[in-house]
Every structure is written in C-alpha cells, then in structure tokens.
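Hi,

Here's the structure I promised to pass on. Have a look first, and then read my notes below.

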Amino acid sequence: MEGEKARLYVYHARQDDPKKCTARRMKQFGLVTMYESIEKLPFGAILLDPTAGKAISPADRQYAQKGIVVLDCTWEEVERVFPMLKVKHMENRALPYMLAANPMNYGRPFMFNSAEAFVAALYILGYKEQAFEVASRFKWGETFFALNREPLEAYAAAKDSADIIEIQKEFMP
Ligand SMILES: C[S@@+](CC[C@H](N)C(=O)[O-])C[C@H]1O[C@@H](n2cnc3c(N)ncnc32)[C@H](O)[C@@H]1O
C-alpha cells in the first residue's frame with residue numbers, strides 16, 4: 001500500500017478563471033490527467049460529487065484503482081453539470097465535513113476546490129503520500145491539513161460510508 005498511487009482525472013468544463021484553476025495547476029505538475037470530453041472518463045471510477053447521497057470511505061479503495069475523478073466547474077454550475085456525467089456509471093461520492101483552506105472559500109465546510117477534493121479523498125482512501133504530494137504544490141496545502149487533521153485521521157480509520165456519517169457528527173458545530 002505504501003507508495004501506491006491512484007490515477008487522478010479531471011473533467012474540465014472550462015468555466016473558471018484559468019489563472020486560479022487548481023486542476024490546471026495539477027496538470028502542469030503532471031499530477032492529473034485532464035479531459036474536456038466525458039467519453040474519455042473511466043467507467044467504475046470514483047466521481048467526487050458534492051451532491052452525492054453516499055460519503056466516500058476507505059471501503060471505496062476498490063473503485064479508486066479505476067481512478068478518482070473531479071469535475072472542475074463553477075459552484076453555480078454543479079447542479080447542472082453533474083447529471084451529465086451519469087452516463088459513465090461512476091461511483092458518486094461526497095466528501096464528509098471538513099473545512100476548505102483555499103482563499104476563495106476559506107473556512108467554509110464542504111466547498112473544496114478541485115485540488116483540495118483530491119487531497120481529502122486520497123487521504124481518506126489511504127493514499128496519504130499522494131495526498132501530501134498534491135497539497136505540497138499549493139500555498140494552502142499545509143493549512144488544509146492543519147485545519148482538518150483530526151477529521152482526516154478519523155475518516156481514514158473508518159470502515160464504511162455509514163461509519164463516516166456517524167463520525168462527521170463529532171466535528172460538525
Ligand atoms: C465545483 S469545482 C470548483 C473548482 C475550482 N474552480 C478550482 O479551481 O479548483 C470543485 C470540484 O471538487 C469536487 N468537490 C468539491 N467539494 C466536494 C465535496 N464536498 N464532495 C465531493 N466532491 C467535492 C467536485 O468534483 C467539484 O466539482
């Protein structure tokens with residue numbers, strides 16, 4: 001398990017300011033494969049979806065082997081664009097309660113940028129070195145771990161999605 005990496009994919013909807021786009025920055029560092037067409041996304045992978053009914057958990061590691069996908073769009077477009085990805089039969093998962101550390105949404109729960117979403121998912125799924133590698137490319141990286149250390153450890157030690165839902169109650173105000 002140590003040193004293992006998950007394949008990371010971004011479906012890029014070309015909606016945000018390219019200068020601020022964290023997915024583009026990840027691509028520059030060779031950390032992610034970026035597609036602008038839905039056809040190329042892998043079947044059976046995990047889709048990080050804030051609207052999903054199921055929370056991500058270590059039990060999803062089996063799907064992470066197919067890949068982890070983020071949809072890089074504006075928050076205003078989330079409700080419209082996620083349903084378009086249904087055709088790919090991915091495993092839609094929401095991230096549990098943590099706080100964003102990025103300058104756009106600092107301190108707000110659940111509203112992660114694309115890179116933060118990868119960092120959180122990788123950590124929970126047990127790809128901790130890869131999570132640190134992604135975070136190290138961003139100014140807010142250390143702050144994300146400082147703000148969320150306790151929940152991240154607790155989620156990474158959880159069994160399944162139901163467990164995660166129980167655990168997150170401890171951290172919610
Ligand atoms: C809405 S986009 C915003 C991207 C931002 N403009 C950037 O440059 O990083 C962030 C994406 O990260 C993932 N994400 C963010 N918060 C999430 C959450 N609470 N649960 C699941 N996925 C989440 C989703 O794939 C979401 O579409």
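Before we get going, one term: a crossing is called right-handed if the near helix is turned clockwise from the far one by less than a right angle, and left-handed if it is turned anticlockwise. By that rule, helices α4 and α6 make a right-handed crossing. Keep in mind that this is a predicted model.

So how do α4 and α6 sit together? Helix α4 spans residues 114–125, and its axis comes within 9 Å of the axis of α6, at a crossing angle of roughly 35°. On the α4 side you'll find Glu 116, Val 119, Ala 120, Tyr 123 and Ile 124, and they meet Phe 144, Phe 145, Leu 152, Glu 153, Tyr 155 and Ala 156 of α6. Sorted by class, that contact has nine nonpolar and two charged residues, with no polar ones.

Next, follow α6 (residues 141–156) over to α7 (residues 161–171): their axes are 10 Å apart and the angle is about 165°. Anything over 145 degrees counts as roughly antiparallel, so that is what α6 and α7 are to each other. This crossing is right-handed too. Glu 150, Pro 151, Ala 154 and Tyr 155 from α6 touch Ile 164, Ile 167, Gln 168 and Phe 171 from α7. Here the classes come out as six nonpolar residues, one polar and one charged.

Lastly, an unreviewed UniProt entry annotates residues 46–172 as the domain "16S/18S rRNA aminocarboxypropyltransferase Tsr3 C-terminal". Across that stretch the chain is 43% helix and 9% strand, and its end C-alpha atoms lie 25 Å apart.

Cheers!

Definitions and conventions:
Residues numbered from 1 in each chain as written. Predicted model: local features only at pLDDT ≥ 70, side-chain atom pairs only at ≥ 80, totals over all residues. Heavy atoms only, no water. Axes fitted to C-alpha atoms, helices over the stretch in contact; angles between N-to-C directions. Helix = DSSP H or I, 4+ residues; strand = E, 2+ residues; numbered from the N terminus. Parallel < 35°, antiparallel > 145°, perpendicular 65-115°, else oblique. Contact = heavy atoms within 4.5 Å. Nonpolar A, V, L, I, M, F, W, Y, C, P; charged D, E, K, R; others polar. UniProt positions renumbered as here; feature names shortened; annotations may be inferred.
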